[in-house]
Amino acid sequence: MGQVIDLAVSAILLAGLYATMAYGLGLIYGVLRIVNLNHGGMIMVGAYAGWWLHFKYGIDPYLSLIPVSAAAFVLGVLVYRVLVRRLPRGAAGGVQSLLLLFGVWLVLRNAAYLLFTGNDQTIRTAYSTRAISLAGAFLSVNRVAVFGLALVVLFALHMLLTRTYLGKAIRAVAQNPDSCTLVGVPVERIYALTFGLGTALAALAGLLAATLFPFSPEFGATELLKSFVVVVLGGLGSVAGTAIAALILATVEVFAILALPSYLTASVGFVLLVLVLVIRPGGLFGQRVLG
Amino acid sequence: MKRVLPVWVRPRAVLVAGIGAAVLALLPFFHSNRYWHNQITETMLAVVAALAWNWLGGYLGQVSFGHAAMFGLGGFVAARFQASLGLPMIPAWIVAGIVAGLYALVWGHPTLRLRGPYFSIATIGVGEATRLICTYWVWLTGGSSGMSLPVQIQLKYQLYWYALALALLALAASYALRRSPLGLSLLAIKSDVDAAGDVGVSSVRLQDLVLFISGMTMGICGGFYASYYSFIEPGDMFGFSRSISFVLMGVIGGIGTIAGPAVGALIYVLLRNALLASYPQLYLGLYGLLLILVILFEPLGLTGLFLRVFHRKRPDLGVTGVAAEDSAAPATGVTPAPAEQRGAK
Amino acid sequence: MTAILRAEGLSKRFGGLKANDNVTLALEERQILGLIGPNGAGKTTCFSMLAGSIPPSAGRVFLGEQEITGLPAFRVARAGVVRTHQIVRPFANLTLMENCTVAAAQCSGRDDAGSRELAREMLQFVGLEKRRNEYPGGLTLAGRKKLEMARALSCSPKALLLDEVIAGVNPVEARDMVTLIRRIRDEKGISILMIEHVMAAVMSLCEHVVVLDAGKLIAAGAPKEIVQNPAVVEAYLGKKHA
């Protein structure tokens with residue numbers, strides 16, 4: 001029983017990370033109708049950025065969240081302005097945007113190999129190995145911190161989307177970009193900002209993940225797939241939906257340890273993805289609206 | 001004079017292919033450079049794989065990021081059947097191909113209901129899941145440390161001609177799949193799968209067909225690879241990097257064209273081997289860059305560039321979803337000029 | 001006389017919404033039958049069920065004596081029932097000629113040369129033969145509608161389902177279309193079931209009209225009777241005008 005509680009708590013903590021990770025992907029798809037295949041790349045970039053700042057300058061990874069996210073935001077806007085904007089929107093652009101962003105991911109991956117070698121890295125801080133006691137369970141400080149930060153970020157996102165003008169504009173563009181141009185909403189700018197925001201969220205999640213798991217330039221592929229599972233399950237935009245879907249994924253993964261040998265648990269996410277995509281054909285991502 | 005070939009086969013194409021094949025077949029008797037002999041063998045294998053990928057990714061427009069699943073499966077099935085069950089090489093390849101083709105059907109048939117990007121994402125999942133599951137299916141793959149085949153002297157040298165034969169077959173299949181009436185149906189499916197059904201095209205069946213032969217060919221490539229290197233391991237065979245290589249060869253060479261992916265394969269192998277010594281990972285980044293440039297400026301990749309340079313009509317292959325403006329097309333002028341096939345060898 | 005195409009009690013549910021409720025209609029041989037009704041009445045859904053694009057929730061469809069209920073679209077097309085689309089869907093990456101050749105090859109059972117001959121014939125029939133090597137993107141809307149008709153005709157259908165081919169084109173083109181539709185029936189002997197909003201066309205082309213409203217068949221008869229039918233007027237204009 002104790003093990004079940006441990007696993008349950010693990011699942012909850014992990015869900016926070018997954019929700020944050022998935023949200024950026026869902027945001028970009030919901031507003032721009034583009035599948036950001038560079039999502040994995042940005043997760044990797046976030047991880048390395050945090051690692052490097054810690055390694056070179058001793059900055060605590062949780063403190064470098066803001067600068068790393070900000071830099072990623074700028075990078076995202078750049079990628080949009082320079083590359084993505086040139087593609088035709090909609091069905092015609094579908095596979096092309098996929099391949100384009102995939103190309104960006106490849107370039108980033110290679111850059112990481114060149115700069116940091118292919119070895120696994122970890123971020124080890126003074127408190128990495130410490131655990132705190134909560135309701136009888138021992139929880140790693142990092143996991144709790146990641147969960148807490150994830151909650152903060154998700155809450156901030158929710159506030160942004162529901163209470164600010166920008167948030168409302170984003171939701172409007174997601175619903176009906178043509179009408180938005182008619183009423184004076186700067187659609188292209190919203191696209192760029194949203195892409196930047198989604199990119200920043202990916203990097204942020206990557207940084208958080210880097211404090212928990214070892215990573216290499218290959219980091220991000222698995223996370224991309226998991227993000228997809230969450231987005232497809234949870235629908236677009238609604239933070240609550242994303243959170244629940246993240247919880248489902250995390251729970252399945254964590255409890256799979258009970259049933260499956262350890263090496264197969266990683267494949268659970270993939271199998272889940274393929275199953276989810278196949279069982280909900282057609283309007284998968286739906287025409288759901290942010291809110 | 002009675003026509004022996006179907007009406008959609010251009011005699012010039014057959015001639016070019018025949019001459020090219022004859023040259024390559026006889027070449028080894030005029031030199032003893034092992035390095036280049038092997039380079040050509042590897043290139044021809046890459047050509048087969050790239051062409052097979054293109055049947056699904058280019059002709060049907062369903063880009064797969066997980067084709068290494070069939071490659072790896074074929075490789076290990078062939079290896080295992082030879083090593084443990086004593087099957088001779090060619091039958092082992094055939095078995096490997098059939099298993100791989102069937103596997104492609106298993107995951108592909110339901111998944112092809114998804115269109116465009118969603119299918120592609122699913123293929124990433126398939127590729128990775130296959131890799132993980134097979135890595136630990138020790139009987140099949142020998143675990144993460146991989147599996148060896150008994151080394152046969154001279155086999156590697158002789159595989160050159162097997163590769164040539166496979167490349168010719170693959171090229172012929174590419175040509176047939178495109179220029180035959182079947183090819184027209186595939187293009188229709190690529191354009192609008194439902195409207196195709198409305199005019200009598202059995203979309204599901206044809207998609208399954210392409211899935212199977214694409215997977216089967218990949219499986220045979222895997223079997224060849226195993227025989228060629230005498231040692232294979234799951235991380236490499238099933239790896240995401242390998243799946244990526246197929247995408248790159250196809251897209252940069254010319255997605256949807258008949259022989260474009262062959263050109264892509266040629267460049268890919270040459271570049272990779274040239275850079276391997278100095279910058280092992282650089283070629284991937286370079287390819288990422290090329291991919292970006294191709295998508296932004298020339299969706300038909302190197303083939304498109306070639307056609308532009310020579311002012312030939314650029315076929316509209318539904319790559320961009322927008323019809324070509326050039327309306328001075330010959331009656332069934334959807335195929336790129338045969339000149340481009342010369343560049344494939 | 002057995003009708004060419006017959007629907008019996010056709011119904012379709014989408015979740016809680018009943019798009020078609022117990023629709024029964026019959027398209028006689030060499031007849032031009034009009035299917036009209038206000039927006040959202042379920043006309044295209046009915047078409048889709050007849051052509052096999054979607055399976056009915058209940059009811060049956062017959063082509064002559066042969067039951068074709070629930071058959072996939074490609075089988076229905078090959079059997080002889082072909083539809084066009086409300087929003088035209090040409091194969092953008094194929095020339096006009098190729099658009100029709102595909103249809104001819106799949107449905108007519110002819111060989112390669114025969115299919116192309118048939119395709120060319122149909123393109124000539126609709127007046128697009130000179131542009132057969134162009135792509136659909138270069139055509140006007142009317143041109144693309146004609147292309148879809150040529151493509152459908154290349155299937156050598158027994159029954160042709162036209163979904164709003166006249167709506168959206170200018171009056172000159174509309175007159176062209178009306179003539180074309182009549183020729184399809186007169187010269188090729190193909191029975192036509194057409195959804196249409198342009199009443200003038202319905203009046204001049206259709207011998208018989210059925211009216212759908214909110215998924216139900218509310219009236220059937222000659223065009224002149226239908227326009228005077230109070231239920232029909234009410235469906236279109238509301239109670240005040242009945």
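**Reading helices and chain contacts in a predicted model**

Biologist: In this predicted model, how many residues does helix H10 (residues 239-259) of chain A have, and what span does it reach?

Modeller: H10 of chain A has 21 residues, and the distance from its first C-alpha to its last is 30 Å. That is close to the 30 Å expected at 1.5 Å a residue.

Biologist: Which residues in H10(A) are buried?

Modeller: The buried residues of H10(A) are A:Val239, A:Thr242, A:Ala243, A:Ala245, A:Ala246, A:Leu247, A:Leu249, A:Ala250, A:Glu253, A:Val254 and A:Ala256.

Biologist: What does chain A as a whole come to in helices and strands?

Modeller: Chain A has 11 helices and 2 strands. Along the sequence the pattern reads α-α-α-α-β-β-α-α-α-α-α-α-α. Of the 291 residues in chain A, 52% are buried. Among contacts in chain A between residues at least 6 apart in sequence, 78% join residues at least 24 apart.

Biologist: How is a pair of packed helices described?

Modeller: Two numbers are used: the angle between the helix axes and the distance between those axes. For a case in chain A, take helix H3 (residues 65-82) and helix H8 (residues 187-210), whose axes come within 7 Å and cross at roughly 140°. That angle makes H3(A) oblique to H8(A). The crossing of H3(A) and H8(A) is right-handed.

Biologist: Which residues of H3(A) and H8(A) meet?

Modeller: From H3(A), the residues include A:Leu65, A:Val68, A:Ala72, A:Phe73, A:Gly76 and A:Tyr80. From H8(A), they include A:Tyr191, A:Phe195, A:Gly196, A:Gly198, A:Ala203 and A:Leu207. By class, the residues of this contact of H3(A) with H8(A) divide into 17 nonpolar, 5 polar and 1 charged.

Biologist: For H12(B) and H14(B), what are the angle and the distance between the axes?

Modeller: H12(B) and H14(B) pack at about 40°, and their axes are 10 Å apart. The two helices, H12(B) and H14(B), are therefore oblique to each other. H12(B) passes H14(B) in a left-handed crossing. H12(B) contributes B:Leu248, B:Val251 and B:Ile252 to the contact, and H14(B) contributes B:Tyr287, B:Leu290, B:Leu291 and B:Val294. The contact of H12(B) with H14(B) has 7 nonpolar, no polar and no charged residues.

Biologist: And what does the rest of chain B come to, in helices, strands and buried residues?

Modeller: Chain B has 16 helices and 2 strands. Buried residues are 58% of its 345 residues. Of the contacts in chain B with a separation of 6 or more, 77% are between residues 24 or more positions apart.

Biologist: Now the interfaces. How is the size of one often given?

Modeller: Often as the accessible area lost when the parts come together. Here the account is in residues and contacts instead. No contact joins chain A and chain C, and their closest C-alpha atoms lie 11 Å apart.

Biologist: How many residues do chain B and chain A each give to their contact?

Modeller: Chain B gives 38 residues and chain A gives 37. On the chain B side, helix H4 (89-111), helix H5 (116-135), helix H12 (240-254) and helix H14 (282-297) each supply at least two residues. H5(B) gives the most, with 13 residues. By class, the side of chain B that touches chain A has 26 nonpolar, 10 polar and 2 charged residues.

Biologist: How many residues do chain C and chain B give to theirs?

Modeller: The contact takes 34 residues from chain C and 28 from chain B. On the chain C side, helix H2 (73-79), strand S6 (81-83), helix H3 (96-108) and helix H4 (112-126) give two or more residues. H3(C) gives the most, with 8 residues. The side of chain C that touches chain B has 18 nonpolar, 9 polar and 7 charged residues.

Biologist: To finish with one residue: is C:Arg185 buried or partly exposed?

Modeller: C:Arg185 counts as partly exposed, because it has 17 C-beta neighbours inside 10 Å, whereas a buried residue needs 20 or more. C:Arg185 is in helix H6 (residues 171-188) of chain C. Its C-alpha atom is 9.6 Å from that of C:Glu29, a residue 156 residues apart from it along the chain. Leaving aside neighbours within four places in sequence, C:Arg185 is in contact with C:Arg30, C:Ile32, C:Ile190 and C:Ile192.

Conventions: Residues are numbered from 1 along each chain as its sequence is written. Chains are lettered from A and ligands numbered from 1 in the order in which they are written. This is a predicted model: local features need pLDDT of at least 70, side-chain atom pairs count only at pLDDT 80 or more; totals for chains, interfaces and linings use all residues. Helices (H or I, at least four residues) and strands (E, at least two) are DSSP runs, numbered from the N terminus. The expected span of a helix is 1.5 Å times one less than its number of residues. A residue is buried if 20 or more other C-beta atoms lie within 10 Å of its own, exposed if 12 or fewer, and partly exposed in between; C-beta atoms are placed from the backbone. Two residues are in contact if their C-beta atoms, placed from the backbone, lie within 7 Å. Ala, Val, Leu, Ile, Met, Phe, Trp, Tyr, Cys and Pro count as nonpolar, Asp, Glu, Lys and Arg as charged, and the others, Gly among them, as polar. Axes are lines fitted to C-alpha atoms, for helices over the stretch in contact, and angles run from 0 to 180 degrees between N-to-C directions. Angles under 35 degrees count as roughly parallel, over 145 as roughly antiparallel, 65 to 115 as roughly perpendicular and the rest as oblique. A crossing is left-handed if the near helix is turned anticlockwise from the far one by less than a right angle, and right-handed if clockwise.
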